[in-house]
Amino acid sequence: MIGPFKAVKISEHVYWVGAIDWGIRNFHGYETSRGTTYNAYLVMADKVTLIDTVKAPFADEMLSRVASVIEPSRIDYIISNHAEMDHTGALPRVIDVVHPEKVFASVMGVKAIERHFDLDTEITPLKNEESLSLGNMNLSFIHTPMLHWPDSMVSYLAEEEILFSQDAFGMHLATTERFDDEIEREILEEEAGKYYANILLPFSQLVSRLLGGLPALNLRIKLVAPDHGPIWRSCFDRILKWYTTWAAQKPTKKAVIIYATMWNSTNLMARAISDGLTEGGVAVKIMPLDSSHRSDIATAVMNAGAVLIGSPTINNNIFPSVMDVLTYLKGLKPKNLTGAAFGSFGWSGEAVGLLNESLKSIGVDLVSDGVKANYVPDLAALEECVLLGKAVAERLKEKCG
Ligand code: FEO
């Protein structure tokens with residue numbers, strides 16, 4: 001618990017007491033190329049309250065930040081807005097040190113925490129829209145199931161107009177800056193978009209419903225304090241607008257070409273398709289799987305209207321790295337995509353047919369049965385690829401208007 005780490009005051013009675021994880025690059029399959037933060041917040045009310053904790057190895061860093069404000073044993077309440085281990089990993093140790101009067105979570109949160117830890121402390125369930133008196137202040141809770149887990153909820157501190165939003169409006173970004181207006185806009189949009197694509201995209205309908213219901217709650221919001229990345233104090237309207245766009249998933253005149261290649265043939269096909277798309281007025285991003293991570297591909301696909309996937313046939317099947325990205329994309333449930341498949345083959349040539357099945361299962365609107373090239377694409381095969389790109393561009397333009 002003893003350490004040099006300091007809390008950061010974010011409002012009159014609230015402090016950031018989280019941890020910065022500069023080195024993490026793999027967050028359950030998501031490449032966190034700029035690291036992350038695990039944000040926890042200390043509310044200095046009559047009942048001193050800690051909102052969320054941090055990933056287990058950072059427990060002492062968090063407790064040290066708390067100790068820079070108040071002796072940790074003086075914490076009365078702990079609120080768990082989200083039970084995933086990046087926010088509750090440190091909970092058992094914090095309970096041991098603090099011996100809080102009460103620990104609270106949503107009804108589903110209680111179940112999730114009890115499945116993860118063998119705690120002596122009972123967790124008190126909070127209902128949707130329940131309020132909790134902290135003496136001179138009040139916290140109220142809104143359940144946001146599946147944003148990001150079934151247990152997720154947000155907490156609102158009316159007296160300081162702060163919405164503690166757990167994963168929502170967060171991003172994986174390790175910085176010493178704690179507020180949105182201290183960070184370049186391009187980085188905020190890139191990392192918030194990557195976070196949305198990889199964490200929240202499958203739940204876009206719920207995001208739209210939440211955003212649509214926000215005005216009716218009549219919350220006065222000065223700060224939005226998520227569990228990852230910067231606190232929104234100046235540009236919350238900006239991320240609200242981005243979320244509205246990402247949740248709607250309207251097609252754009254952008255295409256992503258994703259492929260693996262063995263002996264350069266499928267690579268040549270990808271480049272010819274790209275030319276066809278460009279001629280058709282569609283912006284193209286080519287993402288070879290040798291050098292593109294699935295989490296960056298997910299972000300590009302979320303921002304695109306078309307996806308074209310290429311694989312050579314290997315042992316009667318799709319190339320393994322292509323299978324990986326298809327499995328990942330399927331789970332993220334992208335919507336409103338146009339697309340096509342392509343690939344080279346030597347003798348059996350199953351890959352393109354399998355890709356078509358896979359793209360259909362993701363809900364991609366296929367413009368054709370795709371293009372196959374035997375061994376090395378000749379001029380005729382490459383011209384077929386250009387035409388495939390043009391056909392996708394045409395379909396996309398019809399949809400985009
Ligand atoms: Fe940051 Fe769903 O945990």
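Guide: Let's begin with a single side chain: R34 is partly exposed, with a relative accessible area of 29% (buried is under 20%, exposed over 50%, partly exposed in between, with a 1.4 Å probe and protein chains only). This is a predicted model, where local features need pLDDT of at least 70 and side-chain atom pairs 80 or more, while totals for chains, interfaces and linings use all residues. Residues are numbered from 1 along each chain as its sequence is written, and side-chain values use heavy atoms, without hydrogens or water.

Visitor: With which residue does R34 form a salt bridge?
Guide: The general idea first: side chains of opposite charge can pair when their charged atoms come close. Here the partner of R34 is E191, with the closest N and O atoms 2.6 Å apart (a salt bridge needs a side-chain nitrogen of Lys or Arg within 4 Å of a carboxyl oxygen of Asp or Glu). R34 sits in the loop between β5 and β6 (36–38) while E191 belongs to helix α5, so the bridge ties together parts 157 residues apart in sequence. Helices (H or I, at least four residues) and strands (E, at least two) are DSSP runs numbered from the N terminus.

Visitor: Is E191 buried or exposed?
Guide: E191 is buried, at 3% relative accessible area, whereas R34 is partly exposed.

Visitor: How many salt bridges does the structure hold?
Guide: The structure holds 15. Another one to look at joins R220 and E161, at 3.0 Å from N to O. R220 lies in the loop between α6 (204–217) and β16 (223–226), and E161 in the loop between β14 (153–157) and β15 (162–166), so this pair links parts 59 residues apart in sequence. R220 is exposed at 57% relative accessible area, but E161 counts as buried at 17%.

Visitor: Which residue pairs with D324?
Guide: That is R294, whose closest N and O atoms with D324 are 2.8 Å apart. D324 is in helix α10 (residues 320–332) and R294 in helix α9 (residues 294–302), so the bridge connects parts 30 residues apart in sequence. Both ends are partly exposed, D324 at 31% and R294 at 25%. Going back to R34, salt bridges with shared partners join R34, E190 and E191 into one network.

Visitor: Now the domains. Where are they divided?
Guide: Domain 1 covers 8–248 and domain 2 covers 255–394, with bounds from an automatic or database domain assignment. Their centres, taken over C-alpha atoms, are 38 Å apart. The contact (heavy atoms within 4.5 Å) involves 12 residues from domain 1 and 14 residues from domain 2.

Visitor: How much area do domain 1 and domain 2 bury between them?
Guide: The size of an interface is often given as the accessible area lost when the parts come together. Domain 1 and domain 2 bury about 1,100 Å², 55% of it on carbon and sulfur atoms (the loss is summed over both parts, with a 1.4 Å probe). Within domain 1, N198, L201 and P202 supply 40% of the area that it buries against domain 2, more than any other three residues.

Visitor: How many salt bridges are counted between domain 1 and domain 2?
Guide: There is one. In the pair K194 and D296, the closest N and O atoms are 3.0 Å apart. On the side of domain 1 that touches domain 2, β5 (30–31), α5 (185–200) and α7 (236–248) each supply at least two residues, and the largest share, five residues, comes from α5.

Note on methods
Buried area = accessible area lost by both parts, 1.4 Å probe.
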